[in-house]
Amino acid sequence: ADGSVMAWTVEEKARRALPMGGTKQAHQGPVHAIDVDETQGTAVSVGQDGCVRFWSWKGNQLVHVHVEQGHDAAATDVDVWAEEHTAVSVARDGTAVVWD
């Protein structure tokens with residue numbers, strides 16, 4: 001696990017890495033979860049490094065928008081609530097963080 005965030009299109013049935021602000025490396029270590037808000041064209045990823053990264057779709061490219069060091073241990077899951085413009089991340093340090 002090199003910390004990359006990858007995406008693929010179901011129609012093409014071919015997995016491909018998307019350019020992300022000049023690098024495909026998203027996290028230091030494995031990416032544990034990513035959730036997409038299709039209505040807003042955004043995504044949030046969490047990983048071994050405890051960071052929470054916010055992304056935006058520009059055409060067929062995923063562009064890095066913002067990063068937060070949200071946890072003191074590996075972040076293990078994230079859920080985006082599109083209607084609330086909110087995301088919640090959880091980590092192995094026992095914390096849950098609400099992002100708005």
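**Exercise 1. Strands E4 and E5**

How many bridges join E4 to E5, and do the two strands run parallel or antiparallel?

*Solution.* The model is predicted.
Step 1. Count the bridges: five join E4 to E5.
Step 2. Read the direction: E4 and E5 run antiparallel.
Step 3. Pick one bridge. Ala43 has Trp55 in E5 as its bridge partner.
Step 4. Inspect the turn. Three residues lie between the strands of this hairpin, and Gly50 takes a positive phi near 80 degrees.

**Exercise 2. The other side of E4**

*Solution.* 
Step 1. Asp35 finds its bridge partner in E4 at Val44.
Step 2. The hairpin of E3 and E4 has four residues between the strands. Gly41 takes a positive phi near 70 degrees there.

**Exercise 3. The overall plan**

*Solution.* 
Step 1. From the N terminus on, the order is β-β-β-β-β-β-β-β-β.
Step 2. Residues 24 or more positions apart account for 33% of them.

**Exercise 4. The largest core**

Which residues make up the largest nonpolar core, and which elements give two or more residues to this core?

*Solution.* 
Step 1. List the members: Ala33, Val44, Val46, Val52, Phe54, Ala75, Val78, Val80, Ala87, Val97 and Trp99, 11 residues in all.
Step 2. Assign them. Strands E4 (42-47), E5 (51-58), E7 (75-81) and E9 (96-99) each give two or more.
Step 3. Find the largest share. E7 supplies three residues.
Step 4. Look for another core. A second, separate one has five residues, among them Val5, Ala26, Trp55 and Leu62.
Step 5. Check one member's surroundings. Beyond four places in sequence, Ala33 contacts Val44, Ser45, Val46, Thr76, Asp77 and Val78.
Step 6. In soluble globular proteins, nonpolar side chains tend to be buried together.

**Exercise 5. An aromatic pair**

Classify the aromatic pair in the structure.

*Solution.* 
Step 1. A search of the whole structure finds one pair.
Step 2. The ring centres of Phe54 and Trp99 are 5.9 Å apart, with planes at 70 degrees. The cut-off for edge-to-face is over 60. The pair is therefore edge-to-face.
Step 3. Phe54 is in strand E5 and Trp99 in strand E9, 45 residues apart. The pair links distant parts of the chain.
Step 4. Judge burial. The limit for buried is under 20% relative accessible area. Phe54 has 19%, so Phe54 is buried. Trp99 has 14%, so Trp99 is buried as well.

**Exercise 6. E8 and its two neighbours**

Trace the pairing on either side of E8, then examine Ala87 and His85.

*Solution.* 
Step 1. Six bridges join E7 to E8, running antiparallel. Val78 stands opposite Ser89.
Step 2. E8 and E9 are also antiparallel, over four bridges. Here Ser89 stands opposite Val97.
Step 3. Five of the six residues of E8 are buried, so E8 is largely enclosed by the rest of the structure.
Step 4. Ala87 lies in E8. Its relative accessibility is 4%, so Ala87 is buried. Beyond four places in sequence, Ala87 touches Val44, Val78, Asp79, Val80, Val97, Val98 and Trp99.
Step 5. Turn to His85, in the loop between E7 and E8. His85 has a positive phi of about 55 degrees although it is not a glycine. Most residues other than glycine have a negative phi. At 52% relative accessibility, His85 is exposed.
Step 6. Compare the turn of E8 and E9. Gly94 has a positive phi of about 85 degrees, with four residues between the strands.

**Exercise 7. Confidence**

Where does pLDDT stay under 50?

*Solution.* 
Step 1. The chain averages a pLDDT of 82, and 79% of the residues score at least 70.
Step 2. Over residues 17-23, pLDDT stays under 50. The model has 13 contacts for this stretch beyond four places in sequence.
Step 3. Where pLDDT is low, the predicted coordinates should not be read in detail.

How values were computed. Residues are numbered from 1 along each chain as its sequence is written. Side-chain values use heavy atoms; hydrogens and water are left out. A nonpolar core is a set of buried Ala, Val, Leu, Ile, Met, Phe, Trp, Tyr and Cys residues joined through side-chain atoms within 4.5 Å. Buried means under 20% relative accessible area, exposed over 50%, partly exposed in between (1.4 Å probe, protein chains only). Contact means heavy atoms within 4.5 Å. pLDDT is the predictor's confidence in each residue, from 0 to 100. Rings of Phe, Tyr and Trp (its six-membered ring) pair if their centres lie within 6.5 Å; planes under 30 degrees apart count as stacked, over 60 as edge-to-face and the rest as tilted. Two strands pair if DSSP finds at least two bridges between them.
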